[in-house]
Amino acid sequence: MILLGIIIWTACDDNGQKVFVGPEGMISQFTDTRDGKVYQCVTIGKQTWMAENLAYRMPLGSVNGCYTYQENSVDTTKLSEMDIDKAFAEKFKNSQELIQGTVNVIMPWGDVFTMPIFEYIMSNSLGGRPQELIQVIQILLPKMAESSPDVPRALEILDSLHASIKPELIASLVSTQLELAEINNEGYAAEYGYLYTWPAAQKALPEGWRLPTDEDWKILEKELGMEETELNLLEEWRNKGVETLLKNEQTGFRLKYGGLRAYGNFGDHGTPYINKNMCAAFWTSTSINRNDSTQVAIVRTVSLINNGVLRSTANTVSGNFAAAYSIRGIKNN
């Protein structure tokens with residue numbers, strides 16, 4: 001553990017201008033056992049915060065609501081049965097163990113049964129459709145299925161293999177999109193972590209940490225000197241002094257301006273990714289309802305071109321048009 005003492009006070013310089021100096025903090029480290037990433041953390045008052053944006057890549061990336069900058073969403077609804085069946089056929093043909101295992105189960109019953117099924121498995125012209133394959137086995141070999149304990153097991157293997165194809169396809173597409181985006185954004189994730197939708201943010205943090213509430217942020221802001229009269233202001237930039245402390249990193253909070261993924265459909269000629277190197281936007285776990293009963297989450301934003309800390313709201317929906325912001329975890333008490 002690394003300790004760093006930082007004294008808190010508000011002083012004046014030689015010209016009588018206020019100079020903001022950060023609070024006494026304690027810097028430590030935390031290792032996320034899920035991926036081995038080491039995070040710097042800072043204790044301010046009675047709270048311990050991550051001093052870096054969360055950089056945990058959720059298993060299915062954008063499908064889980066976890067994005068790097070400029071990453072395209074993968075629309076799983078556009079994966080057709082033909083895509084899945086084609087992938088199944090390719091996987092089956094490229095796996096000698098699976099092929100041989102199935103042939104061995106069928107072979108004792110003779111070539112009259114084996115060859116049509118084996119050719120069916122291997123044939124591109126027949127498409128290699130798994131559900132049809134299973135039906136062929138069940139129709140052509142009813143006595144075999146009844147009398148041999150191996151055949152039902154073979155069918156289970158085929159069913160299981162087919163069920164695994166779609167998640168594997170999705171994972172492959174997501175991985176490709178991530179690689180392309182990281183090339184274009186010059187390795188965003190290593191510097192800024194990932195951007196998460198609000199539903200994803202509820203699940204992304206490691207054990208022992210949680211998404212901070214709006215009240216958690218207020219406690220931090222008050223610790224940094226924000227007045228009570230400003231704490232509850234909504235859709236407003238509040239308290240230049242707190243903003244200055246966060247921007248100058250004198251608190252050890254180590255602000256990163258990773259931008260955000262905006263809510264909405266930007267079509268083929270736009271991008272939902274905005275304000276990189278201009279603003280830092282963070283989810284809270286606190287949601288409220290607007291007058292029209294639309295659920296929104298309270299967020300915090302600090303900008304290089306605005307004074308103060310913005311307490312505002314953002315849409316909480318998931319899906320391809322969802323907003324995605326950075327996360328700063330707070331340690332459970």
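1. Let's start with serine 303, which sits in strand S13 (residues 295-303). Bear in mind that this is a predicted model. Serine 303 counts as buried because its relative accessibility is 4%, against a cut-off of under 20%.

2. S13 is mostly covered, with eight of its nine residues buried.

3. On one side of the pairing story, S13 runs antiparallel to strand S12 (residues 279-289), and eight bridges join the two. Within this pair, alanine 297 of S13 stands opposite serine 287. The S12 and S13 hairpin has five residues between the strands, and serine 293 takes a positive phi near 70° there.

4. S13 also pairs with S14: seven bridges, again with the strands running antiparallel. Here valine 299 stands opposite serine 312 in S14. These two strands form a hairpin with five residues between them, and glycine 308 in the turn has a positive phi of about 100°.

5. Now for the loop between strand S14 (309-315) and strand S15 (330-331), where you'll find valine 317. Is valine 317 buried or partly exposed? Valine 317 counts as partly exposed, because its relative accessibility is 34%. Together with Tyr263 and Phe321, Val317 forms a nonpolar surface patch with about 290 Å² of accessible area.

Definitions and conventions:
Residues numbered from 1 in each chain as written. Predicted model: local features only at pLDDT ≥ 70, side-chain atom pairs only at ≥ 80, totals over all residues. Heavy atoms only, no water. Helix = DSSP H or I, 4+ residues; strand = E, 2+ residues; numbered from the N terminus. Buried < 20%, exposed > 50% of the residue type's maximum accessible area, 1.4 Å probe, protein only. Patch = residues over 30% accessible without salt bridge, like charges linked within 9 Å, V, L, I, M, F, W, Y side chains within 5 Å. Areas by Shrake-Rupley, 256 points an atom, 1.4 Å probe, with all protein chains shown as cover. Salt bridge = Lys/Arg side-chain N within 4 Å of Asp/Glu carboxyl O. Pairing = 2+ DSSP bridges.
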